[in-house]
Amino acid sequence: QVSLVESGGGLVQPGGSLRLSCAASGSIRSINTMGWHRQPPGKQREFVARIDSGGTTTYNDSVKDRFTISTDSAKKMVYLQMNSLKPEDTAVYYCNADVTTWGWSRRNYWGQGTQVTVSS
């Protein structure tokens with residue numbers, strides 16, 4: 001079993017910053033990619049950013065140059081540094097990880113989500 005736990009969400013004013021963290025634990029042989037998605041109120045979940053085991057990053061165009069994804073592989077953690085936040089960044093942010101377990105199964109896991117609200 002694998003679990004992902006996010007932290008770091010909250011209320012921030014437009015133009016402010018927040019750093020989200022996500023910790024993976026459980027029967028993890030290797031992590032292939034880790035990333036973030038978000039679900040704005042009343043909308044579908046959307047891709048935000050992803051980082052693979054080689055450090056290659058991919059971003060949604062709407063967050064490029066404002067958000068930075070990074071990992072600490074030894075700690076099995078992924079971070080999302082969010083700068084210059086806008087009201088349209090308001091959403092529940094979900095961590096996900098493509099994991100190979102010790103039982104050699106591979107699947108994508110999701111965290112429970114953390115709320116980010118950008119408002120004055």
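Two residues are in contact when heavy atoms of theirs lie within 4.5 Å of each other. By this criterion, among contacts in the protein chain between residues at least 6 apart in sequence, 55% join residues at least 24 apart. The model described here is a predicted one.

**Overall architecture**

The protein chain contains 11 strands and zero helices. Followed along the sequence, its pattern reads β-β-β-β-β-β-β-β-β-β-β. The radius of gyration is 14 Å, close to the 14 Å that the globule rule gives for 120 residues, so the protein chain is as compact as a globular protein of that length. Further values for the whole chain are collected below.

| Property of the protein chain | Value |
|---|---|
| Box filled by the C-alpha atoms, along the principal axes | roughly 50 × 25 × 25 Å |
| Residues that count as buried | 41% of 120 residues |
| Accessible surface | about 6,300 Å² |
| Part of the accessible surface that belongs to carbon and sulfur atoms | 45% |

In general, the strands of a sheet pair through backbone hydrogen bonds, in either a parallel or an antiparallel manner. In this model, four strands form an open sheet whose order is β1-β3-β8-β7, and the pairing is antiparallel. Strands β1 (2-7) and β7 (67-72) stand at the edges; each has a single partner strand, so one side of each is left without a neighbour in the sheet. From one strand to the next, the twist averages 15 degrees.

The pairing of β1 may be followed in detail. Its antiparallel partner is strand β3 (residues 18-26), and six bridges connect the two. Which residue of β3 is the bridge partner of Leu4? That partner is Ala24.

His37 belongs to strand β4, which covers residues 28-39. Is His37 buried or exposed? A residue counts as buried when its relative accessible area is under 20%. The relative accessibility of His37 is 18%, and His37 therefore counts as buried.

When residues up to four places away in sequence are not counted, His37 touches Arg45, Glu46, Phe47, Val48, Val92, Tyr93, Tyr94, Asn96 and Trp110. With one of these residues, Asn96, the side chain of His37 also forms a polar contact through the Asn96 side chain, at 3.4 Å.

Terms used: Residues numbered from 1 in each chain as written. Predicted model: local features only at pLDDT ≥ 70, side-chain atom pairs only at ≥ 80, totals over all residues. Heavy atoms only, no water. Pairing = 2+ DSSP bridges. Axes fitted to C-alpha atoms, helices over the stretch in contact; angles between N-to-C directions. Rg over C-alpha atoms; globule rule 2.2 N^0.38 Å. Buried < 20%, exposed > 50% of the residue type's maximum accessible area, 1.4 Å probe, protein only. Areas by Shrake-Rupley, 256 points an atom, 1.4 Å probe, with all protein chains shown as cover. Polar contact = N/O pair within 3.5 Å; in protein donor to acceptor, adjacent residues only side chain to side chain.
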